[in-house]
Amino acid sequence: MKKSNKTLERRFTNSLNFLHSTSSPPARILDLGTPNELGRRIQSAGYEVQNTEGDLESVESIGEDADVVTAFEILEHLVSPYNVLRAIKAPRLVATVPLRLWFAKAYRNPSDPWDRHFHEFEDWQFDWLLEHAGWKIVRTEKWTSYGSCTGIRPLLRRFTPRYYAVEAIR
């Protein structure tokens, strides 16, 4: 693994471990968003994985045939994640979102107009959103995210949780 991918590798490992403790293979997973590396790893672990395609914001019902809907690092990109959370019909949701950091601005990729965050939550805000959308939170975890860079922000990232994982049921 390249040195620059250690942060991503750590996030993938944490996400997969969180999913494993929630549901065992060969559970049917509907992963919100397009196919990606984490989804391929979930599939390689023995889960049956399908992805959504198209505009999530306009769906009325999703995940009817899934055991679990996963939303790894996607809800923060949506204008209205509430509508998507309400539309999920699967009995279980596993989601991760980036937490708002007091020492860093919201994420925005200047070279890609779609790779930006409409929302970066505090844990209580995401819990509140899930509860208002009809979900009951079963379990949560927080993870730090840091690389090998030096400086005050990389140092703060070693101690400040960046990702929030939630398991919720209907």
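Analyst: Phe 121 and Phe 126 are both buried in this predicted model. For Phe 126, the relative accessibility is 0%. The cut-off for buried is under 20%, so Phe 126 clearly counts.

Now look at the rings themselves. A pair of aromatic rings is described by the distance of the centres and the angle of the planes. The whole structure holds four aromatic pairs. One of them joins Phe 121 and Phe 126: the centres are 5.2 Å apart. Their planes meet at 55°, so this pair is tilted. Phe 126 also pairs with Tyr 164, with ring centres 6.4 Å apart. Here the planes stand at 80°, so the pair is edge-to-face. Tyr 164 is buried too, with a relative accessible area of 3%. Together, Phe 121, Phe 126 and Tyr 164 make one aromatic cluster.

Where do the partners Phe 126 and Tyr 164 sit? Phe 126 belongs to helix H4, while Tyr 164 is in strand E6. The pair therefore ties together parts that are 38 residues apart in sequence.

Next, widen the view to the core. Phe 126 is among the residues with the most contacts inside the largest nonpolar core, which has 28 residues. Leu 32, Leu 75, Leu 85 and Ile 88 are also on that list. E3, H3, E4, helix H4 (123-132) and E6 each give two or more residues to this core. Follow Leu 85 from here. Among the residues it touches are Leu 75, Leu 93, Leu 129 and Leu 130. Leu 85 also touches Ala 133, Trp 135 and Arg 170. There is a second, separate core of 16 residues, and it includes Ile 29, Tyr 47, Phe 72 and Tyr 163.

The charged end of Arg 170 sits over the ring of Trp 135, 4.1 Å from the ring centre. Another such case is Arg 139, whose charged end sits over the ring of Phe 18, 3.9 Å from its centre.

Ala 90 also touches Trp 135 and Arg 170. Its other contacts include Ile 62, Gly 63, Ala 66 and Asp 67. Ala 90 lies in the loop between helix H3 (81-87) and strand E4 (92-98). Is Ala 90 buried or exposed? It counts as buried, because its relative accessibility is 0%. Asp 67 is 23 residues away from Ala 90 in sequence, yet their C-alpha atoms are 5.9 Å apart in space.

Six strands form an open, mixed sheet, in the order E2-E1-E3-E4-E6-E5. Strand E2 (48-51) and strand E5 (136-144) are the edges, each pairing on one side only. From one strand to the next, the twist averages 20°. E4 and strand E6 (residues 161-169) run antiparallel, joined by seven bridges. In one of these places, Val 94 has Glu 167 of E6 as its bridge partner. Helix H1 (residues 6-20) packs on the sheet. H1 touches strand E1 (28-31), strand E3 (68-72), E4, E5 and E6. The direction of H1 makes about 155° with that of E5. Helix H2 (residues 37-44) lies across E1, E2 and E3, and runs at about 155° to E2.

Technical notes
Residues numbered from 1 in each chain as written. Predicted model: local features only at pLDDT ≥ 70, side-chain atom pairs only at ≥ 80, totals over all residues. Heavy atoms only, no water. Helix = DSSP H or I, 4+ residues; strand = E, 2+ residues; numbered from the N terminus. Buried < 20%, exposed > 50% of the residue type's maximum accessible area, 1.4 Å probe, protein only. Contact = heavy atoms within 4.5 Å. Pairing = 2+ DSSP bridges. Axes fitted to C-alpha atoms, helices over the stretch in contact; angles between N-to-C directions. Core = buried A, V, L, I, M, F, W, Y, C linked by side-chain atoms within 4.5 Å. Phe/Tyr/Trp six-rings, centres within 6.5 Å; stacked < 30°, edge-to-face > 60°. Lys NZ or Arg CZ within 6 Å of the ring centre and 35° of its normal. Lists of a residue's contacts leave out its neighbours within four places in sequence.
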